[in-house]
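Me: I would like to go through this model by question and reply. Please give the cut-offs as the terms come up.

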Amino acid sequence: MDALPIHPYYPLDVEIADYVANEWGTLTLVSIFAAVCTAVFTVTYAVVKKARPNIAAGEIWTILWFVLSGCIHLILEGYYVYHFQHLASKQTVLGQLWKEYALSDSRYLTQDAFNLCMETITAVFWGPLSFLLAGLITTNHHLRHPLQLVVSLGQLYGDILYYATALFNHVVHRMSYSRPEGCYFWGYFVFMNVFWVVIPSVLLYQSIMASGRVFLKTQAGSNGTAKKVN
């Protein structure tokens with residue numbers, strides 16, 4: 001008779017050092033995450049409306065997106081990067097959140113090289129830059145779109161590689177890192193990450209078009225000046 005797995009992650013025979021089961025259940029952890037996101041949105045909205053009362057609704061949503069991204073990149077993903085070697089034994093809120101999410105991607109508990117490198121870049125660069133970008137949008141700074149282009153492209157690139165490496169292993173090596181229940185694959189792996197494909201794509205397009213309009217206006221002004229000189 002085969003021995004029962006000592007952890008709930010897939011593949012069942014994957015080695016996860018120092019694993020300790022979560023003390024809190026799924027509903028509690030998801031509720032905590034949702035409550036923190038709501039608090040971040042509420043505080044950010046209040047601060048932005050006080051600093052710039054007439055700001056457009058679209059700009060507020062963009063600021064909310066980057067502040068939330070900054071919190072997730074710097075705090076949540078930064079926690080993973082700092083504790084990746086012993087994450088499976090952590091019983092802090094952030095540690096348990098990661099162990100809950102890892103039910104959809106066990107690579108986070110196996111010291112996977114790609115995940116660690118990708119998350120390190122995300123935490124170190126896109127986290128702080130997301131907060132800076134939120135400030136630039138609030139103050140209507142002229143460097144907003146160049147930085148928005150860089151951050152959005154970085155987020156999009158990292159998320160596509162994240163999906164692609166998991167898909168490669170699933171198709172080529174027949175290896176799945178997610179539990180078979182649909183709530184984990186579709187709810188965590190797909191739904192919780194697809195935001196960093198869709199929203200950065202929209203913002204990337206927005207910044208490209210805004211930059212294009214500036215260059216077009218500059219070129220038109222230069223041509224007009226040249227005609228006057230001639």
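Me: Is Val194 buried, partly exposed or exposed, and why?
Reply: This is a predicted model, in which local features need pLDDT of at least 70, side-chain atom pairs count only at pLDDT 80 or more, and totals for chains, interfaces and linings use all residues. Residues are numbered from 1 along each chain as its sequence is written, and side-chain values use heavy atoms, with hydrogens and water left out. Buried means under 20% relative accessible area, exposed over 50%, and partly exposed in between (1.4 Å probe, protein chains only). Because its relative accessibility is 31%, Val194 counts as partly exposed.

Me: Which helix holds Val194?
Reply: Helices here are DSSP runs (H or I, at least four residues; strands are E, at least two), numbered from the N terminus. Val194 lies within residues 182–229, which make up helix α6.

Me: What accessible area does the nonpolar patch with Val194 have?
Reply: Patches take residues with over 30% relative accessible area and no salt bridge, joining like charges within 9 Å and nonpolar side chains (Val, Leu, Ile, Met, Phe, Trp, Tyr) within 5 Å. A salt bridge is a side-chain nitrogen of Lys or Arg within 4 Å of a carboxyl oxygen of Asp or Glu. Areas come from the Shrake-Rupley method with a 1.4 Å probe, and for residues only the protein chains shown count as cover. Together, Phe191, Val194, Phe195, Val198 and Val202 have an accessible area of about 420 Å².

Me: How many helices and strands are in the chain?
Reply: From the N terminus on, the elements run α-α-α-α-α-α. The count is six helices and zero strands.

Me: How far apart are the end C-alpha atoms of residues 113–137?
Reply: UniProt, in an unreviewed entry, lists residues 113–137 among its "transmembrane region" spans; such annotations may be inferred rather than shown by experiment. The span is 100% helix and 0% strand, and its end C-alpha atoms lie apart by 35 Å.

Me: Which element gives the most to the lining of the largest pocket?
Reply: A pocket is an open set of points on a 1 Å grid over the protein atoms alone, where a 1.4 Å probe fits, with protein on both sides within 12 Å along at least five of seven lines; lining residues have an atom within 4 Å of a point. The largest pocket is lined by 26 residues, with Ile72, Leu76, Tyr101, Met192 and Asn193 nearest its centre. Elements giving two or more residues to this lining include α1 (26–51) and α6. With five residues, the element that gives the most is α5.
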